[in-house]
Amino acid sequence: MATTTTNPMGARSHRFRAPPPTPIATGKGLRSAAVDDQVLSEYLDGSLRVPDLTLPGSYYPSRSPLKVPPEVDLTSLVSGDESVIRRVLAAASEVGAVRVACEETSLVEEARAAIEAGAPLFATSEADKNKGELGQRWFGRRDGVGEEFYWYRLRSPETERLLQRMWPNSYRILRDTMENVAARMETVGECIAKILSEHVASQTPSKRIGKVQSVLCLRKYDSHHSRNNMRELSDPKSLHSHALSLHISGYDEDFCIRRSEGSAIFGMPAGDILVTFGKPLQEWCNGELNSASGEILFQPTGDSSPSFSIEYMCSPLVLSHEPACGAKTISLVDQLLAMLVLALLYKIWSWIFS
């Protein structure tokens, strides 16, 4: 006897298949439900009132209110070109930062050499990092992205010996490369500070910028510091204590400047310098200049090796000098009287001892 096999799934689907829509009875016969859908749609369109809502603006505006800092040429900056002076003053007033283009390859090579010499420092054990004065040279970032090493240009003999003991084989190279970069950055900072000192009108003598030791900061990022993980870079106590901050990288990178109004992101070639103006400058000139903070943004890659950048923080002495009082002019008559008195005294002295 043949056995018939049935498909339970097929039977179930056949049993519960939805029937077609039933025509709606009207006075003139039957009509489709589509007509009722159209009537309902027209009724809803005429009766519904959608409230007029005002949504808040985007937290991250698509267009930043900050301008990209203008660019000046390093050679023209050093020579005191008038057009460069005007651009520096406009950048300080409008943006709080200025870009300095350097076509010399030597500065790029010096920055790379300093990074190469300083990279092994971060392998120092935590116990050694906290020894004596050496502990003041390290700062672990609060966001856990990396850490910083501070190279102070003025070092006591005790600190010098300590550094030599810590890195006996590499300290001389480290010192030379760090000082080379610091000296070049100091020159740029002094040129900028001279322009501000001579051309900013609303200087406040009571708020002259204090003498702060210049520091070269070597910054290490354990992961790439991209646009998605921007954080504060340094300890706030050290971040705003200097008048100027100069940022440089040995490779083409994206930079970012930030103020309370927003931020601006832009690319810079290797060896170019981003100069940002600190809070002390803004207070010194009664707000005539703006202040900003800067950082380098590294493009995310599959490489897990760390990235490095250099920041030089300084307060050039020209910004610390007290304004000179008006010199008193000695008239020609007073000069002649002084000469006659000296001549008379000489005659008397010669007569006494002759």
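Predicted model: local features only at pLDDT ≥ 70, side-chain atom pairs only at ≥ 80, totals over all residues.
Local features need pLDDT of at least 70, side-chain atom pairs count only at pLDDT 80 or more, and totals for chains, interfaces and linings use all residues. Residues are numbered from 1 along each chain as its sequence is written, and side-chain values use heavy atoms, with hydrogens and water left out.

Q: Why is α4 called roughly perpendicular to α8?
A: Helix α4 (residues 82-94) packs against helix α8 (residues 171-199) at an angle of about 85 degrees, their axes 10 Å apart. Angles of 65 to 115 degrees count as roughly perpendicular, and α4 is therefore described in this way relative to α8.

Q: Which residues make the contact between α4 and α8?
A: With contact meaning heavy atoms within 4.5 Å, I85, V88, L89 and A92 of α4 meet I192, I195, L196 and H199 of α8. These divide into seven nonpolar, one polar and no charged; Ala, Val, Leu and Ile are among the residues counted as nonpolar.

Q: What makes β9 and β10 a pair?
A: Two strands pair if DSSP finds at least two bridges between them. Strand β9 (residues 253-259) and β10 are joined in the antiparallel sense over seven bridges. R258 stands opposite S263 in β10.

Q: Why do β10 and β12 count as edges?
A: The open antiparallel sheet has the order β10-β9-β12. β10 (262-268) and β12 (293-297) each have a single partner strand, so one side of each lacks a neighbour in the sheet.

Q: What share of the residues is buried?
A: Taking buried as under 20% relative accessible area (1.4 Å probe, protein chains only), 39% of the 354 residues qualify.

Notes
Axes fitted to C-alpha atoms, helices over the stretch in contact; angles between N-to-C directions. Helix = DSSP H or I, 4+ residues; strand = E, 2+ residues; numbered from the N terminus. Parallel < 35°, antiparallel > 145°, perpendicular 65-115°, else oblique. Buried < 20%, exposed > 50% of the residue type's maximum accessible area, 1.4 Å probe, protein only.
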